[in-house]
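Welcome! Here is a friendly briefing for a first look at a protein model. Open the sequence and the structure side by side, and follow the topics in turn.

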Amino acid sequence: MKCIHFFAVLLVLLSCPLAADEGNLSNRSWVEKNVNNLSSLQYPERIKHLYQEHGNQLIWLDVPLMEKLEHQLEVIHRAGFSPLFSLRLNKLRKFREQRAWFEYDLFATDTLIMYLSYAEQAEKIGQEWFFDGQKLTDHLPLPSDNAFISLEVAISTQGIGELIQSYTPRAVSYQPLVKAYQTLLPLESAFIPTYFQKGMLIKPGDKLADRELLIKRLSLVNIDMSSVNEGVSWYDESLVNVVKQFQTMHGLKSDGIIGPATFKWLNLSVKARLSLLALNAERSRLWSQEDTVIVVNIPGFDMKYWYSGKPIFTTKVVVGSVKRPTPLMSVKLDSVILNPTWNVPRKIMVEDILPLAKRDVNYFSRHHIDIIKSWGSDQTLDPKVIDWSMVEPESFPYRMRQQSGRKNALGLYKFNTPNSRAIYLHDTPSKHLFNNSSRAFSSGCIRVQNASLFASKIFETQGIDESQLEESKKASNKSVTLKKRIPVQIIYQTVWYEGGSLQYRDDVYRFDAQSRG
């Protein structure tokens, strides 16, 4: 191995156009000269120190190592939020094309330091880049001392590749997303027309306008096409089965009928799909990797309860509407409220309920809502003695509380996660909403299907005997405190890996477009 490394170094030096001018590297400071010439370095003093500590030797001595760094930059570049790394990638590629190995070496090391800083910062402030539309254009701070120690060791042991790998996300979905990206990338330059068929509705048995193009479009998501029949021109059962897989992968009704929603995903450009893969790969840096955690994925409209590293409960959820989106956040579940009452948030009172009350004062009795004099009072008022036509939203003085029961908006369970935004998980009487494929209907809180089963799983893993809670369930607003709080993470992944394949979902809050815009 040492011989191979020696010849690799020799090959790089012989091919370097600056080697003859530099003479003996140990006697002349090529580092000092090139650092001074490269005005775009972010950490020039650290660069000088690193190379001095390692005898002013070149660090990036083989093409695969260079490509490993450039690949990480390529994914960040394609995600669309970082002009800073896009410029870096372009410059490194230019140095490589020009065979400017000294400049490449220094610039690559400087960029690696920047990448280590980015990986550390993404866990803390990545939401600004991945969701809030803030572009990464500015100088990044120096990475931590631990990062520099790891870098020193990697240089000494020729372990730069392993160091880069160690700073990639640990999320289960990351590697499958990156693998799909690498597989799809060579097809970007190929022209693949969009599929069009008159009427834009294809049912099993229909004649196809271009069967081969349809197959090519389906194959872009790496579905196994080996069972598809050849030499036919209609929409036969073998192709229907593949379309059903495609529909499941994209969160659509798996009926084999190619309609507008299926056409939308089918005709997604390779470039757009690459961007989705890259952006969601980088987003995975944000999410918790705890063994016990409740994860709500907004675009997936689902929730998973992970316990000791295993998913023990999965269910559908209803999340906030586009006008009242559920925020991305990390909170702690500290108690389960049985048979809860509902203190109606002010926004819902003045925007939703007040207009209805102005038209019909009996609204309150039908929905079992008490009117309370003020937020600092418990005195209830008869809604019929209030002139609702004169009450204005801006000066709304009252508080509303819905009585507990099956018609309560929170259902029979509230999963309490104290936070300043009053976001929590809860049951719902509106069970029919879970039948919709897109479920963004709430005012921000998260409605859980099969809430009673979810509560049972929580009690079971907490060592709480549910049989002793039967009497408590008859009472109103009975709180069951958990023995250990459970982390709850509300995330946003429009592409992820699950069940052996990638899953794609609609960008319900338009965060994808905002990040790449």
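Please keep in mind that the model is predicted.

**Around aspartate 302**

- Aspartate 302 belongs to strand β2, which covers residues 302–307.
- Leaving aside residues up to four places away in sequence, aspartate 302 touches Val295, Val296 and Asn297, together with Thr315, Lys316 and Val317.

**Domains**

- The protein chain is divided into domain 1 (29–168), domain 2 (172–286), domain 3 (288–341 + 404–492) and domain 4 (343–403).
- Taken over C-alpha atoms, the centres of domain 1 and domain 4 are separated by 59 Å.

**The nonpolar core**

- Which residues touch the most other members of the largest nonpolar core? They are Trp60 and Tyr118, in a core of 159 residues.
- Helix α7 (residues 101–130) gives the most to this core, contributing 16 residues.
- Tryptophan 60 has contacts beyond its sequence neighbours (residues up to four places away are not counted), among them Tyr51, Leu65, Met66, Leu69, Tyr104, Ile160 and Ile164.
- The contacts of tryptophan 60 also include Asp105, Ala108, Thr109 and Leu112.

**Salt bridges**

- Side chains of opposite charge can pair when their charged atoms come close.
- How many salt bridges does a search of the whole structure find? The search finds 23.
- One of them is formed by the side chains of glutamate 32 and lysine 48, at 3.3 Å from N to O. This pair links distant parts of the chain, with glutamate 32 in helix α3 (residues 30–37) and lysine 48 in helix α4 (residues 44–53), 16 residues apart.
- Glutamate 32 has a relative accessibility of 35%, so this residue counts as partly exposed.
- Aspartate 236 and arginine 211 also meet through their side chains in a salt bridge, with an N to O distance of 3.0 Å. Because aspartate 236 sits in the loop between α11 (211–219) and α12 (237–249) while arginine 211 is in helix α11, the pair ties together parts that are 25 residues apart in sequence.
- Aspartate 236 is buried, with a relative accessible area of 8%, and arginine 211 is buried at 5% relative accessibility.
- Aspartate 512 pairs with arginine 283 in a salt bridge whose closest N and O atoms are 2.7 Å apart. Aspartate 512 is in helix α19 (residues 511–516) and arginine 283 in helix α14 (residues 270–283), so this bridge ties together parts that are 229 residues apart in sequence.
- Are aspartate 512 and arginine 283 buried or exposed? Both residues are buried.

**Helix α11 and its surroundings**

- Arg211, the salt-bridge partner of aspartate 236, is one of the buried residues of α11, which also include Leu213, Leu214, Ile215, Arg217 and Leu218.
- The buried residues of α11 pack against α12 and α13 (260–266).

**Aromatic rings**

- The structure holds 28 aromatic pairs.
- Phenylalanine 313 and phenylalanine 454 form a stacked pair, because their ring centres are 5.4 Å apart and their planes lie at 20°. The pair links distant parts of the chain: phenylalanine 313 is in strand β3 (residues 310–320) and phenylalanine 454 in helix α17 (residues 451–462), 141 residues apart.
- Both phenylalanine 313 and phenylalanine 454 are buried.
- Phenylalanine 396 and tyrosine 398 make an edge-to-face pair, at 5.8 Å centre to centre with 90° between the planes. Phenylalanine 396 and tyrosine 398 are both buried.
- Tyr118, already met in the nonpolar core, also belongs to one aromatic cluster with Phe81, Phe85, Tyr115, Trp129 and Phe130.

**A hairpin**

- Strands β14 (residues 495–498) and β15 (residues 501–504) run antiparallel and are joined by four bridges.
- Which residue in β15 is the bridge partner of tryptophan 496? The partner is glutamine 503.
- β14 and β15 form a hairpin with two residues between them, and glycine 499 in the turn has a positive phi of about 60°.

Conventions:
Residues numbered from 1 in each chain as written. Predicted model: local features only at pLDDT ≥ 70, side-chain atom pairs only at ≥ 80, totals over all residues. Heavy atoms only, no water. Salt bridge = Lys/Arg side-chain N within 4 Å of Asp/Glu carboxyl O. Buried < 20%, exposed > 50% of the residue type's maximum accessible area, 1.4 Å probe, protein only. Core = buried A, V, L, I, M, F, W, Y, C linked by side-chain atoms within 4.5 Å. Contact = heavy atoms within 4.5 Å. Domains from an automatic or database assignment. Pairing = 2+ DSSP bridges. Phe/Tyr/Trp six-rings, centres within 6.5 Å; stacked < 30°, edge-to-face > 60°.
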